[in-house]
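Colleague: I would like to learn how to read the features of this model one at a time, with the general idea given before each case. Could we go through it together?

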Amino acid sequence: MSVPPLQALPLELLRQRSSTKWRSYGDDVIPMFVAETDFPLAPAITAALTRAVEIGDTGYTPPRPGIDLDFADFAERRWGWRPDPARIRWTGDVMMGVVEVLRAVTSPGDRVVVTPPVYPPFYDTVEEAGAVVERVPLRDTGERWELDLDGIGEALASGATAVLLCNPHNPTGTVHSRESLAELARLAARHGAAVVSDEIHAPLTFAPSVFTPFLDAAPEAAAVGYTVTSASKTYNLAGLKCAVIVTGSEETAAVVRALPWEVEWRAGLFGVIANRAAFAPESDAWLAQLLVALDDNRRLLADLLAEHLPLARYRVPEAGFLAWVDVSAYGWGDNPAPFVRREAKVALHHGPLFGTEGVGHVRINVGCAPEVLEDAIRRIGALVE
């Protein structure tokens, strides 16, 4: 039996939200920039949070909140990989976890490889940890993007001490292959480097692509890897602070256990409650419907661009609800997003923030109703008619 797509909430209701997406611009602007989605919460999440409010469960996060077992179960159901719950810790959000792990595995001034175009906070996080960004851009094969393993190997051989991996990749939606991740793990092991893998978009992988957890890619990955992830992107929980840090060996687990206690205390109780409900089997049906809706939208965007912006270049992403689109052919400048927002009243993410590879690009959030996506692209298309 086919799964129906999840229906987005109506615009008049969404505009009552007080989050960044709906408070950054006026009601005349369609917001498609920040990675928030427009769908109702999974019923299990709504029920868990409602019950917490009803009984005033608004205190401190307990020392053993149970999210370790819930994430291990979720990973086993989704990807056939069961991390050891004893090697799963928690913190406020993915970038908090990333910066704390980087602090632990690098020394001030060390070089950390990032693979642009990549999520803008990656640059800030490396600097916050006291390290220096080493750019090794993704390779464009003409059909897809992939890790430049030769370039990463050269960076590690010349002294870079860590790789900050985006798996799946934001903004391109690339799902890295098991083979490339395994080779990355071997390179890191050969050079004594660490790999910190942000896997926040993993549950949003579309068939036939297959997501590979970095820690499960090869035996060497368990020795060099640290995974940081959360239910927040998939289930729209960014305002409820919680993420997990996962390790695959006793040595790496000891590094995480040695982090300051405050790293765990930063996880909010509502974030833990919501993430546990998201990872529970009761939310699997909701996720299946969400994937259908996002799959429809990623393909719809291709059709809309072909009709209204035929010079735009776009590859249908393999994961996530973020689309990476090259509109440089239209001459809207190195950073087209401000022009599009001013002239078409559509707010897109600024391409150059993802790295110099983002010149002439925008990132479009398709986690919305199809008619909202259609309205947005028609508005932009009117600029070239």
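**Reading a predicted fold**

Modeller: Let us begin with a helix: in H7, the residues Gly151, Ile152, Gly153, Ala155 and Leu156 are buried, where buried means under 20% relative accessible area, exposed over 50%, and partly exposed in between, with a 1.4 Å probe and protein chains only. Helices (H or I, at least four residues) and strands (E, at least two) are DSSP runs, numbered from the N terminus. This is a predicted model, in which local features need pLDDT of at least 70 and side-chain atom pairs count only at pLDDT 80 or more, while totals for chains, interfaces and linings use all residues. Residues are numbered from 1 along each chain as its sequence is written, and side-chain values use heavy atoms, with hydrogens and water left out.

Colleague: Against which elements do the buried residues of H7 pack?

Modeller: Contact means heavy atoms within 4.5 Å, and the buried residues of H7 pack against S3, S4, S7 and helix H8 (178-191). After H7 comes Gly159, with a positive phi near 120°.

Colleague: How should I read a sheet, and in what order do the 7 strands of the open sheet stand?

Modeller: Two strands pair if DSSP finds at least two bridges between them. Here the 7 strands form an open sheet with mixed pairing, in the order S2-S10-S9-S8-S7-S3-S4. Strand S2 (88-91) and strand S4 (132-135) stand at the edges with a single partner strand each, so one side of each is left without a neighbour in the sheet. On average, and with direction ignored, neighbouring strands of this sheet are turned by 25° against each other; axes are lines fitted to C-alpha atoms, for helices over the stretch in contact, and angles run from 0 to 180 degrees between N-to-C directions. Helix H7 (residues 149-157) packs on this sheet, touching strand S3 (111-114), S4 and strand S7 (162-166), and its direction makes about 175° with that of S3.

Colleague: Do strand S8 and strand S9 pair in the parallel or the antiparallel sense?

Modeller: Strand S8 (residues 194-198) and strand S9 (residues 225-229) pair in the parallel sense over 4 bridges, and Val196 stands opposite Tyr226 in S9.

Colleague: What is the strand order in the open sheet of 5 strands?

Modeller: That open sheet has the order S1-S13-S14-S12-S11, and its pairing is mixed. Its edge strands are strand S1 (30-32) and strand S11 (313-314), each of which pairs on one side only. S1 and S13 pair in the parallel sense over 3 bridges, with Leu348 in S13 as the bridge partner of Met32, whereas S13 and S14 pair in the antiparallel sense over 2 bridges, with His350 opposite Val362 in S14. S11 and strand S12 (residues 322-326) also form an antiparallel pair over 2 bridges.

Colleague: Which helices lie across strands of this sheet?

Modeller: Helix H15 (residues 336-344) lies across strand S13 (346-350) and strand S14 (361-365), running at about 175° to S13, while helix H16 (residues 370-381) lies across S1, S13 and S14, running at about 100° to S1. As 4 of the 5 residues of S13 are buried, S13 is largely enclosed by the rest of the structure.

Colleague: How is a nonpolar core defined, and which residues touch the most other members of the largest one?

Modeller: A nonpolar core is a set of buried Ala, Val, Leu, Ile, Met, Phe, Trp, Tyr and Cys residues joined through side-chain atoms within 4.5 Å. The largest has 96 residues, of which Phe214 and Tyr235 touch the most other members, and helix H14 (residues 284-308) gives the most to this core, with 10 residues. Leaving aside neighbours within four places in sequence, the contacts of Tyr235 include Leu41, Phe74, Ala278 and Trp286. A second, separate core of 27 residues includes Leu102, Cys166, Ile200 and Tyr226.

Colleague: How many disulfides are there?

Modeller: With a disulfide taken as a pair of cysteine sulfur atoms within 2.5 Å, the count comes to 0. Cys242 is in no disulfide, and the nearest cysteine sulfur, that of Cys166, is 19 Å away. Cys242 is buried, at a relative accessible area of 2%.

Colleague: Finally, what does Arg276 touch?

Modeller: Arg276 lies in helix H13 (residues 269-279) and counts as partly exposed at 34% relative accessibility. Not counting residues up to four places away in sequence, Arg276 touches Pro65, Gly66, Ile67 and Asp70. Arg276 and Leu69 are 207 residues apart in sequence, yet 9.1 Å apart in space, C-alpha to C-alpha.
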